[in-house]
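The structure under discussion is shown first.

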Amino acid sequence: MPSFDVVSEVNMQEVKNAVNQAVREVDTRFDFKGTDATFVLEDAAVTMRAPNKFQLDQMYDILNAKLAGRKVNVKCLDREPLQENVSDARQVVKVRQGIETELARHLVKLVKQTKVKAQVAIQGDQLRVSGKKRDVLQEVIGMLKEAKVDLPLQFTNFRD
């Protein structure tokens with residue numbers, strides 16, 4: 001029985017490379033000279049620190065450009081609320097990986113609403129879709145690509 005997995009994965013090595021490029025750009029840019037603006041990558045979160053909110057927004061734009069240049073989908077980024085005090089501002093940008101349970105349930109509901117003969121099972125942070133024919137699975141892939149999801153989806157492990 002043919003099947004495939006729906007996942008949301010990010011290449012963390014490319015994220016690390018993009019953050020390193022962003023650090024180098026902030027160090028060389030004239031408008032950041034003399035400031036204490038930095039990026040710090042810890043696990044799956046990038047902490048941006050700058051003297052004010054305006055510079056944080058500029059740093060986020062730099063990070064987006066570097067990630068896009070390294071072919072990392074920027075829809076996987078989740079900006080947390082800004083934390084500001086007298087001397088500086090900081091913001092954590094999380095790199096989301098895996099499909100959350102709520103989104104997985106929504107995707108299962110979407111597939112079931114189309115009335116295709118495919119079974120969808122939630123397996124941790126991914127979905128397993130199986131059906132009797134390859135054409136049915138390709139139809140499900142097309143439907144999921146068109147769905148308005150705020151997370152980049154990949155289709156892996158296609159088995160016939």
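Q: Why is F155 counted as partly exposed?
A: The model is a predicted one, in which local features need pLDDT of at least 70, side-chain atom pairs count only at pLDDT 80 or more, and totals for chains, interfaces and linings use all residues. Residues are numbered from 1 along each chain as its sequence is written, and side-chain values use heavy atoms, with hydrogens and water left out. Buried means under 20% relative accessible area, exposed over 50%, and partly exposed in between (1.4 Å probe, protein chains only). F155 has 25% relative accessibility and therefore counts as partly exposed.

Q: Is F4 buried or exposed, and why?
A: The relative accessibility of F4 is 1%, so F4 counts as buried.

Q: What makes the pair of F4 and F155 edge-to-face?
A: Rings of Phe, Tyr and Trp (its six-membered ring) pair if their centres lie within 6.5 Å; planes under 30 degrees apart count as stacked, over 60 as edge-to-face and the rest as tilted. The structure holds one aromatic pair. The ring centres of F4 and F155 are 6.0 Å apart and the planes stand at 70°, so the pair is edge-to-face. Because F4 lies in strand β1 (residues 3-7) and F155 in strand β9 (residues 154-159), the pair ties together parts that are 151 residues apart in sequence; helices (H or I, at least four residues) and strands (E, at least two) are DSSP runs, numbered from the N terminus.

Q: Why is one side of β7 and of β9 left without a neighbour in the sheet?
A: Two strands pair if DSSP finds at least two bridges between them. The open sheet of four strands has the order β7-β8-β1-β9, with antiparallel pairing. β7 (118-123) and β9 stand at the edges with a single partner strand each, so one side of each has no neighbour in the sheet.

Q: How do you know that β7 pairs with β8?
A: Six bridges join β7 to strand β8 (residues 126-131), and the two run antiparallel. The bridge partner of Q123 is Q126 in β8.

Q: What makes α1 oblique to α2?
A: Axes are lines fitted to C-alpha atoms, for helices over the stretch in contact, and angles run from 0 to 180 degrees between N-to-C directions. Angles under 35 degrees count as roughly parallel, over 145 as roughly antiparallel, 65 to 115 as roughly perpendicular and the rest as oblique. Helix α1 (residues 12-28) and helix α2 (residues 53-69) pack at an angle of about 135°, with their axes 9 Å apart. That angle makes α1 oblique to α2.
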